[in-house]
Amino acid sequence: MSLKRTIPPAGALVLAAALLSPPVSTAAPVHSLAAPDISLANVQAHLNDLQSIATANGGNRAHGRPGYLASVNHLKAKLDAAGYQTSVQQFTSSGATGYNLIADWPGGDPNSVLMLGGHLDSVTAGPGINDNGSGSAGLLEVALTVARERLAPQKHIRFGWWGAEELGLIGSTYYVNNLPTTERSKIKGYLNFDMIGSPNPGYFVYSASGQPSGSLQIQQVLQAAFTVPTELTSVGGRSDHAAFARSGIPVGGTFTGAEVTKTAAQAQKWGGTSGVAFDRCYHRSCDTTGNIDATALDRNSDAIAIALWNLAGAGTPPGPRFENPEDVTIPDLSTVQSPIPVSGVSGNAPAALAVGVDITHTYRGDLVIDLVAPDGTAFRLKDSDNDSGDDVVTTYTVDASGEVANGTWVLRVRDVASADVGRINGWSLQF
């Protein structure tokens with residue numbers, strides 16, 4: 001968690017979240033879907049992995065240090081193996097390259113995205129196992145549980161692990177600011193999990209007060225997800241939800257406390273020690289696997305799943321997914337193609353064919369992108385424009401219901417202006 005702002009006294013905790021469907025009553029929400037129990041042992045195993053990565057890389061997982069990129073690669077490999085469409089977004093901060101890891105679960109309405117995230121970086125002083133290995137590990141195990149359960153939600157589920165949060169929310173801000181307006185508008189809610197295993201824990205939910213319209217629903221779902229009392233907290237601009245909130249996206253999350261001391265009333269309510277910080281190792285070298293309260297970690301990981309299962313809604317199981325992960329260089333002023341052969345799909349393609357695109361480019365405004373069906377029909381995904389941002393990492397939706405599914409589909413990319421180059425890193429079709 002960033003030191004950008006201090007935490008208001010605990011006792012102000014509310015979950016600011018996304019209004020992903022019509023508002024519910026102010027009474028405790030009804031859980032429409034039963035979320036599976038999240039394995040504490042698995043979450044702890046992920047924390048052990050992050051500790052090992054830090055130990056092998058100078059004792060930390062900080063921005064610009066080898067331990068951070070190793071952490072990104074470790075999570076990415078697990079998510080790829082589970083069937084997620086992953087991408088790594090690069091940015092520069094303090095003279096070093098930073099990385100955001102984005103993972104999309106196939107299926108769901110691509111125009112209605114539920115996003116969950118937390119920062120993956122530590123400070124340079126230590127391995128950052130509570131801050132924020134805990135949130136990162138909880139999110140990872142929930143994501144892997146989604147895959148094991150083959151969850152088929154109404155909404156499209158996306159996870160994000162942010163870089164350089166400790167330097168001032170750099171990674172998450174870069175992600176939001178570089179989303180095209182149309183893509184940003186598809187995110188109907190963002191839930192943030194930063195420090196969910198503090199050793200002297202409190203049970204805080206981000207307050208919807210002062211947050212974008214729609215945040216109250218997630219606050220209520222998260223509050224109802226705990227078997228212990230919760231308090232509302234306003235974390236302001238201190239963690240990665242801030243950039244989403246500034247863009248009008250409903251936000252929320254949970255938190256177990258940092259450097260603020262636990263009051264006597266809170267110790268009576270939650271246990272632990274009054275007059276002592278929620279996390280005495282906050283931003284210190286002792287933030288290791290020994291700095292975690294297992295009960296808090298378990299309760300918060302379960303809360304992540306409960307929120308996801310309830311806010312994403314039940315939908316239709318995803319159809320088959322096809323991808324081409326091969327790199328294709330995009331020279332200046334050129335046209336390149338990348339094919340995907342599709343077979344074994346009966347009938348026509350769907351009315352909402354999801355086309356996942358991962359392109360690295362130094363000026364994305366130069367690019368014209370088309371999806372070409374097996375019969376040669378072209379669907380325009382992106383026109384050239386004056387957008388000076390780099391890279392195109394997104395999912396487009398195409399009404400391809402008039403096209404036979406089987407055959408060779410092609411992603412065609414044209415660079416129509418001079419001075420910039422790039423490459424197709426890969427792309428996919430979700431039927």
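Modeller: A charge sits over a ring if NZ of Lys or CZ of Arg is within 6 Å of the ring centre and within 35 degrees of the ring normal. Lys 269 lies over the face of Trp 270, at 4.6 Å from the ring centre. The model is predicted, and local features need pLDDT of at least 70, side-chain atom pairs count only at pLDDT 80 or more, and totals for chains, interfaces and linings use all residues. Residues are numbered from 1 along each chain as its sequence is written, and side-chain values use heavy atoms, with hydrogens and water left out.

Trp 270 also belongs to an aromatic cluster, together with Tyr 203, Phe 204, Phe 226, Phe 255 and Phe 278. Rings of Phe, Tyr and Trp (its six-membered ring) pair if their centres lie within 6.5 Å, and planes under 30 degrees apart count as stacked, over 60 as edge-to-face and the rest as tilted. The count by this rule is 16 aromatic pairs. One of them joins Phe 91 and Tyr 174, with 5.8 Å from centre to centre and 35° between the planes, a tilted arrangement. This pair links distant parts of the chain, 83 residues apart: Phe 91 belongs to strand E1 (residues 85–93) and Tyr 174 to helix H4 (residues 170–177). Helices (H or I, at least four residues) and strands (E, at least two) are DSSP runs, numbered from the N terminus.

Phe 91 has a relative accessible area of 3% and is therefore buried, where buried means under 20% relative accessible area, exposed over 50%, and partly exposed in between (1.4 Å probe, protein chains only). A second pair is that of Phe 159 and Trp 161: the ring centres are 5.9 Å apart and the planes stand at 20°, so the pair is stacked. Phe 159 counts as buried because its relative accessibility is 0%, and Trp 161 is buried with a relative accessible area of 0%.

Tyr 174 touches Gln 89, Gln 90, Phe 91 and Asp 390, not counting residues up to four places away in sequence; contact here means heavy atoms within 4.5 Å. By contrast, Tyr 174 and Gly 344 are 170 residues apart in sequence and 40 Å apart in space, C-alpha to C-alpha.

A covalent link comes next. A disulfide is a pair of cysteine sulfur atoms within 2.5 Å, and the count by this rule is one. Cys 281 and Cys 286 form the disulfide, with their sulfur atoms 2.1 Å apart. The angle about the S-S bond is -115°, and the link of Cys 281 and Cys 286 is left-handed. Cys 281 counts as buried because its relative accessibility is 13%, whereas Cys 286 is partly exposed, with a relative accessible area of 27%.

The strands complete the picture. Two strands pair if DSSP finds at least two bridges between them. E9 pairs with strand E17 (residues 422–430) in the antiparallel sense over four bridges, and Glu 323 stands opposite Ser 428 in E17. Elsewhere, E11 and strand E16 (residues 407–415) pair in the antiparallel sense over eight bridges, with Ile 340 opposite Trp 409 in E16.
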